[in-house]
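Hi everyone, thanks for making time this morning.

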Amino acid sequence: MVLAAYILLIAIVSLLTTRATPEIWGYYMVEEGGGFPITHWENVIGRSRSADINIPLTTVSNNHALLIRRDEDKWMVKDLGSQNGTKVNGYRLDPDKRYIISPGDQIDMGGVISTITPPSIEETRNNRFMRRLDKEPVAPWKILLAITIFQLLTIVQLVLGMGEEITASALLCIALLCVVMWAYVMFFHITGSRGFEMEMIAFFLSTINLAVTASSDPGSVVKEFIALLIGLALMIFMCFYMRDLNRTRKVKPVLIGLSIAALLINLIFGTAQYGATNWIRIGDNLSVQPSELVKLAFILIGAGTLEELYDRKNTVIYAAFSLFCLGCLALMSDFGTALIFFATYLVVSFLRSGDFSRFVLTGVAAGAMGLIVLKFKPYIASRFNAWGHVWEPEFMDDLGYQQTRTMSFGAGGGMLGLGAGNGSLKYIGASNTDLVFGFVMEEWGFIIAVLLVLCIATLSVFAVMHIVAGRSTFYTILACSAATMFLVQTMLNVFGAIDLFPLTGVTFPFVSTGGTSLLTSWAMLAYFKAADMRRNAGPAVGKEE
């Protein structure tokens with residue numbers, strides 16, 4: 001327990017105390033109005049107080065134009081359909097087109113003359129100097145060593161706790177995870193990366209995952225480990241791929257098509273499990289949950305640059321895609337995942353529009369639809385009827401059976417736990433997936449179970465903290481959407497297991513047994529990495545950014 005607390009607290013404190021200093025990319029100089037430092041790659045110019053560059057004159061529209069930094073210090077300007085229009089060097093801009101401009105070009109917005117000037121050589125040097133003063137991410141070596149010791153002790157505990165029941169392949173997978181962890185950190189450290197806290201958290205959570213799987217279903221550990229490797233490889237690929245924003249935007253139509261196909265195949269060929277038809281069986285020993293993979297696409301499709309956020313067509317496409325996903329999940333009776341998708345849609349919609357009233361109205365409409373669903377889906381309604389009453393005789397051995405056992409066995413683990421392999425909750429259905437919080441409480445203790453929740457919360461707080469220094473709204477929305485999915489998923493899993501919320505059948509990110517869930521969790525880490533603007537933070541950000 002002490003070792004786990006040491007590992008996680010170092011990583012958590014480092015993530016929450018390091019910061020990225022916003023750089024000044026240039027100045028927006030307004031005639032007789034002074035200069036505005038440009039600290040974002042994407043900027044809204046307008047009269048609105050929420051505009052990045054605020055010009056409080058009546059001839060300027062609330063959201064008049066976009067100013068976007070391109071590669072090699074070039075700039076792009078686009079009129080947002082303003083009332084008085086935008087001119088560059090006397091040429092009136094077409095609102096449907098974007099124009100490349102250079103420092104010194106004259107920009108006319110409703111009679112307000114302005115231009116862009118680059119920062120001075122001294123300011124450029126100062127920017128670099130200030131970035132060097134930023135607190136460096138914690139060195140990974142102590143955490144790596146601590147996790148390695150934790151993994152070795154886990155192997156010993158499983159052997160002592162399970163005896164002949166534990167398989168050699170399960171123990172080997174935990175040892176191989178240690179090798180993969182060291183290889184990953186050493187390779188990227190050699191290439192110049194310095195920020196590994198997120199990966200350390202993920203490796204630790206994955207160690208718990210393999211231990212839980214080894215304790216409850218030793219024969220599945222190899223599949224779980226393979227899924228982890230695929231997820232790690234996908235995360236690395238996504239980090240490098242998302243460096244090019246234009247390339248990333250172009251893949252959206254492909255992802256929409258693949259997601260629609262995956263959900264339709266799931267509807268046609270899906271297999272029911274725990275009341276939801278959300279699994280595709282491949283042979284006798286392999287199953288895939290397409291909705292988990294669609295999570296990755298759902299976030300990427302919802303993200304957008306400022307230019308895309310002001311494009312009504314883009315907004316309509318995302319709303320229609322979201323409605324399709326929610327409809328498919330409802331037909332599958334997978335309302336836990338539907339709730340995660342919907343919460344993410346609300347956050348993405350708010351980040352795209354900034355309209356809180358629309359956020360509230362959408363939530364109210366969804367609540368009304370939820371009541372209709374309860375009327376026509378008796379299985380879902382029964383879960384709500386048992387909510388808060390699982391200890392009553394009519395529910396204790398029926399709808400409340402899993403939750404009452406989870407709370408009883410979980411409480412039996414105390415603060416320090418009974419030890420890996422020594423629990424009894426593993427003999428209850430879905431103990432290593434939907435009820436994994438209670439599983440960890442029993443075998444690993446209440447303290448570690450709470451630390452796991454704190455890890456997910458830390459990633460989410462980190463995503464919000466780095467909005468200010470974000471390169472683009474695209475990366476900001478990616479990180480905040482991933483944070484929303486992780487948070488809502490964790491809350492549903494934990495609160496459902498202890499009857500603070502109806503049991504919805506969703507997994508705990510990284511920790512629950514399930515290859516598709518683990519793979520998706522690792523891949524989604526790329527969205528957090530893409531928003532990390534600390535110097536040399538990792539593969540998602542180039543050294544010069």
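Let me start with a question: does lysine 295 count as buried or exposed? Keep in mind as you look that this is a predicted model. The answer is buried, because the relative accessibility of lysine 295 is 1%, and the cut-off for that word is under 20%. You'll find lysine 295 in helix 9, which covers residues 290–302. What is lysine 295 in contact with, leaving aside its neighbours within four places in sequence? The list is Thr337, Ile340, Phe341, Met485, Gln489, Thr520 and Met524.

Now let's step back to the whole chain. It has 545 residues, and 54% of them count as buried. There are 20 helices and 14 strands. Take the contacts with a separation of 6 or more: residues 24 or more positions apart account for 67% of them.

Helix 1 is residues 2–17, and it packs with helix 18, residues 446–465, at an angle of about 10 degrees, the axes being 10 Å apart. These two helices are therefore roughly parallel to each other, and helix 1 passes helix 18 in a left-handed crossing. From helix 1, the residues that take part are Ala4, Ala5, Leu8, Leu9, Ile12, Leu15 and Leu16. They meet Ile448, Leu451, Leu454, Cys455, Thr458, Leu459, Val461, Phe462 and Met465 in helix 18. Sorted by class, that contact has 15 nonpolar residues, 1 polar residue and no charged ones.

Helix 1 also packs with helix 5, residues 197–216. Here the axes come within 9 Å and cross at roughly 150 degrees, and so helix 1 and helix 5 are roughly antiparallel to each other. This crossing is left-handed. Helix 1 brings Ala4, Ile7, Leu8, Ala11, Ile12, Ser14 and Leu15 to the contact, and helix 5 brings Glu197, Met198, Ile201 and Phe204. The classes for helix 1 with helix 5 come out as 9 nonpolar, 1 polar and 1 charged.

One further pair, if you'll follow me along the chain. Helix 8, residues 252–269, and helix 11, residues 312–331, have their axes 10 Å apart and pack at about 15 degrees. That angle is under 35 degrees, and helix 8 and helix 11 are therefore roughly parallel. Their crossing is left-handed. Helix 8 makes the contact with Lys252, Ile256, Ser259, Ile260, Leu263, Leu264 and Leu267, and helix 11 with Asn314, Ile317, Phe321, Phe324, Cys325, Cys328 and Leu331. By class, this contact of helix 8 with helix 11 has 11 nonpolar, 2 polar and 1 charged residues.

In what order do the 5 strands of the open sheet come? The order is 4-3-5-6-9, with mixed pairing. Strand 4 (53–54) and strand 9 (99–101) stand at the edges with a single partner strand each, so one side of each has no neighbour in the sheet. Within the sheet, strand 5 (residues 65–69) and strand 6 (residues 75–79) run antiparallel and are joined by 5 bridges.

Then have a look at strand 11, residues 112–117, which is mostly covered, with 5 of its 6 residues buried. Strand 1, residues 26–30, pairs with strand 11 in the antiparallel sense over 4 bridges, and methionine 29 has threonine 115 as its bridge partner there. Strand 10, residues 107–109, also pairs antiparallel with strand 11, over 3 bridges. In that pairing, isoleucine 107 has serine 114 as its partner. The hairpin of strand 10 and strand 11 has 2 residues between the strands, and glycine 110 in this hairpin takes a positive phi near 60 degrees.

That brings me to backbone angles, and to my last stop. Most residues other than glycine have a negative phi. Alanine 430, though, has a positive phi of about 65 degrees. Alanine 430 lies in the loop between helix 16 (401–412) and helix 17 (436–444), and it is buried, at 6% relative accessible area. Phenylalanine 510 has a positive phi too, near 75 degrees. You'll see phenylalanine 510 in the loop between helix 19 (473–497) and helix 20 (515–530), and at 0% relative accessibility it counts as buried.

Notes: Residues are numbered from 1 along each chain as its sequence is written. This is a predicted model: local features need pLDDT of at least 70, side-chain atom pairs count only at pLDDT 80 or more; totals for chains, interfaces and linings use all residues. Side-chain values use heavy atoms; hydrogens and water are left out. Two strands pair if DSSP finds at least two bridges between them. Axes are lines fitted to C-alpha atoms, for helices over the stretch in contact, and angles run from 0 to 180 degrees between N-to-C directions. Angles under 35 degrees count as roughly parallel, over 145 as roughly antiparallel, 65 to 115 as roughly perpendicular and the rest as oblique. A crossing is left-handed if the near helix is turned anticlockwise from the far one by less than a right angle, and right-handed if clockwise. Contact means heavy atoms within 4.5 Å. Ala, Val, Leu, Ile, Met, Phe, Trp, Tyr, Cys and Pro count as nonpolar, Asp, Glu, Lys and Arg as charged, and the others, Gly among them, as polar. Buried means under 20% relative accessible area, exposed over 50%, partly exposed in between (1.4 Å probe, protein chains only).
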